[in-house]
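User: I'd like to learn how to read a protein model by eye. Could you walk me through it?

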Amino acid sequence: MASVPSLASTVQQRLADALSAALPEAGSADPLLRRSDRADFQANGILALAKRLKGNPRELAAKVVESVPADDVLREIEVSGPGFLNITVSDEAITETLAARAADDRLGVPFTDAAGTAVIDYAQPNVAKEMHVGHLRSAVIGDAMVRILEFTGEKVVRRHHIGDWGTQFGMLIQFLIEHPHELDHKDEAAVSGEEAMSNLNRLYKASRALFDSDEDFKERARRRVVDLQSGDEETLALWQRFVDESKIYFYSVFNKLDMEIHDPDVVGESGYNHMLDETCRILEESGVAVRSEGALCVFFDDVKGPDGKPVPLIVRKSNGGYGYAATDLSAIRDRVRNLGADSLIYVVDARQSLHFKMVFETARRAGWLNDEVKAVQLAFGTVLGKDGKPFKTREGETVRLVDLLDEAIERAAAVVREKAQDLSEEEIAERGAQVGIGAVKYADLSTSAARDYKFDLDQMVSLNGDTSVYLQYAYARIQSILRKAGDAKPQAHAEIGLTPSERALGLHMDRFGETVEEAASSYEPHKLAAYLYQLASLYTTFYSECPVLKADTPAQVENRLFLCDLTARTLHQGMALLGIRTPARL
Ligand code: ARG
């Protein structure tokens with residue numbers, strides 16, 4: 001496993017060397033290399049430098065050009081405009097660097113130098129409740145971030161902060177005590193996710209109805225909350241049954257989403273109960289939190305309500321109860337102290353941004369977060385319906401996530417069937433799931449997380465445009481070419497000159513490592529999605545302009561097969577980092 005420096009970084013380095021040789025007074029100035037339409041790269045750094053040195057930029061640029069040693073990477077450098085450098089690299093250098101990437105399992109993508117431990121809080125549904133599109137976003141974005149960070153060498157600890165605590169459990173548990181067989185199963189192992197959720201729904205509705213109509217039950221339910229909080233064993237055992245039943249459902253949805261969720265990583269709100277008292281004590285003793293109207297609060301200069309009065313973060317309510325904030329603060333202590341995190345990432349709806357801003361600031365004041373240990377909310381926007389309003393059913397109810405996924409799979413299967421030539425029914429079903437789930441994930445990941453996006457299945461499974469299906473077809477088409485190649489094998493031939501579309505494709509593949517690094521360090525999977533879409537588009541252009549199996553010479557055939565193969569591998573790896581499958585046949 002050897003990391004391969006990108007051509008861009010090689011060129012950047014040569015220019016930086018030439019700069020300091022030609023203009024020693026410049027120190028170590030950055031040539032500011034960018035990809036460019038006019039040449040392969042453009043360097044803009046000399047303009048700012050000329051200002052600083054009070055020189056003529058074009059003259060300085062010419063001096064730098066003279067100091068660039070002739071070699072086999074740089075084919076042409078010329079001064080252009082007010083003092084830019086236009087740089088063209090040699091075809092040979094492109095093919096050689098791609099060959100080095102191809103020789104590596106990781107396609108030459110380097111491990112990050114500063115690998116640490118990231119704890120990522122994502123895919124956090126609530127016990128005894130249906131999952132909805134908000135949970136979809138957290139799961140999809142979080143899963144992609146886990147894969148991307150792990151690929152760069154980061155140690156990643158997953159935390160599914162499920163909503164498994166709260167007063168609603170008093171009602172549910174009390175109902176189960178009074179109707180003891182409601183959650184019994186003949187065969188525990190055979191309960192499907194759908195069944196589990198419908199059991200929970202039924203129980204929830206029935207207990208709610210009783211709670212609202214029967215004052216005595218209401219009182220018994222309230223007392224049950226106290227039993228739960230004080231750790232009464234029978235109560236806890238029943239609570240556990242709700243959690244277990246819900247997990248059957250959660251896991252079935254995650255499975256449908258083609259996502260692996262591991263039991264030890266599911267540490268819900270209840271997992272921090274034993275820390276809440278201490279968290280409050282530390283905050284109060286250090287003066288970070290103060291009592292106000294009986295509650296334990298943290299105040300912020302810049303958080304005020306519409307009436308101009310400060311809105312505090314309430315760590316403990318005046319009735320002694322703990323809320324979301326105490327749990328999140330305790331989770332921070334656990335993740336920093338016990339899990340050794342140096343970054344905490346929360347994939348949570350943007351509507352909770354104020355909460356996290358206050359929680360992070362409190363943790364900073366308490367010293368749990370600092371310059372070495374940072375926390376970020378990877379905040380995501382709302383999923384909208386085709387009408388641009390928050391996604392709801394026609395009756396105005398939240399859409400069940402499972403229904404949505406099933407519909408996506410069904411639509412995708414129809415697309416696959418229409419295109420399928422030699423696929424069996426079983427294969428169509430399997431590909432349909434891979435395409436449908438891929439479509440849903442890709443639609444989410446290809447827009448910046450912070451933005452709202454429209455959930456439009458017609459668009460998502462379309463073969464044209466920026467969709468996963470387009471990328472999956474590009475991949476499958478390449479596999480079919482490789483199958484048809486017979487004895488001809490992908491093989492780089494650096495001596496063969498490249499056409500413009502081959503160069504464009506090659507230079508884009510050269511940027512794969514940088515793109516992964518950027519997506520990882522800025523927590524922006526959409527940058528990787530955009531990269532892959534462009535890769536598929538550049539491939540399409542290459543393929544329409546350059547015959548592969550019918551190229552002029554056997555060496556040319558091999559070299560083009562090599563470009564095809566590396567494109568496919570880059571697509572496959574990139575899509576895998578987004579959590580999307582690339583079937584070999586579609
Ligand atoms: N369960 C919450 C919800 O459904 C999300 C939890 C977010 N994570 C956290 N550490 N608070 O909205």
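Analyst: Let's go from the overall picture to the sheets, the ligand shell and the annotated regions. This is a predicted model, where local features need pLDDT of at least 70, side-chain atom pairs count only at pLDDT 80 or more, and totals for chains, interfaces and linings use all residues. Residues are numbered from 1 along each chain as its sequence is written.

User: How many helices and strands does the protein have?

Analyst: Helices (H or I, at least four residues) and strands (E, at least two) are DSSP runs, numbered from the N terminus. Here there are 20 helices and 13 strands. The C-alpha atoms fill a box of roughly 90 × 65 × 45 Å along the principal axes.

User: What share of the residues counts as buried?

Analyst: A residue is buried if 20 or more other C-beta atoms lie within 10 Å of its own, exposed if 12 or fewer, and partly exposed in between, with C-beta atoms placed from the backbone. By that count, 41% of the 586 residues are buried.

User: Is Asp-263 buried or exposed?

Analyst: Asp-263 is exposed, because it has 8 other C-beta atoms within 10 Å. You'll find Asp-263 in the loop between helix 9 (233–256) and helix 10 (276–285). Its C-alpha atom is 65 Å from that of Glu-59, and the two residues are 204 residues apart along the chain.

User: Now the sheets. In what order do the strands of the antiparallel one come?

Analyst: Strands of a sheet pair through backbone hydrogen bonds, either parallel or antiparallel. Two strands count as paired if DSSP finds at least two bridges between them. In the antiparallel case, 4 strands form an open sheet in the order 1-2-4-3. Strand 1 (33–35) and strand 3 (74–80) are the edges, each pairing on one side only. Strand 1 is joined to strand 2 (residues 41–43) by 3 bridges, and Arg-35 has Phe-41 as its bridge partner in strand 2.

User: What packs on that sheet?

Analyst: For this, contact means that the C-beta atoms of two residues, placed from the backbone, lie within 7 Å. Axes are lines fitted to C-alpha atoms, for helices over the stretch in contact, and angles run from 0 to 180 degrees between N-to-C directions. Helix 1 (residues 7–22) packs on the sheet, touching strand 1, strand 2, strand 3 and strand 4 (84–89), and its direction makes about 145° with that of strand 1. Helix 3 (residues 57–67) lies across strand 3 and strand 4, at about 165° to strand 3.

User: And which strands form the parallel sheet?

Analyst: That open sheet has 4 strands in the order 6-5-10-11. Its edges are strand 6 (155–159) and strand 11 (374–377). Strand 10 (residues 343–346) and strand 11 run parallel and are joined by 4 bridges; Ile-345 has Val-376 as its partner in strand 11.

User: Which residues surround the ligand?

Analyst: A residue is near a molecule if its C-beta atom, placed from the backbone, lies within 6 Å of it. The ligand is surrounded by Asp-121, Gln-124, Asn-126, His-161, Gly-163, Asp-328, Tyr-346 and Val-348.

User: Where does UniProt place the 'HIGH' region?

Analyst: UniProt positions use the numbering here, with shortened feature names, and annotations may be inferred rather than shown by experiment. An unreviewed entry lists the 'HIGH' region short sequence motif at residues 125–135. That span is 27% helix and 0% strand, with end C-alpha atoms 6 Å apart.
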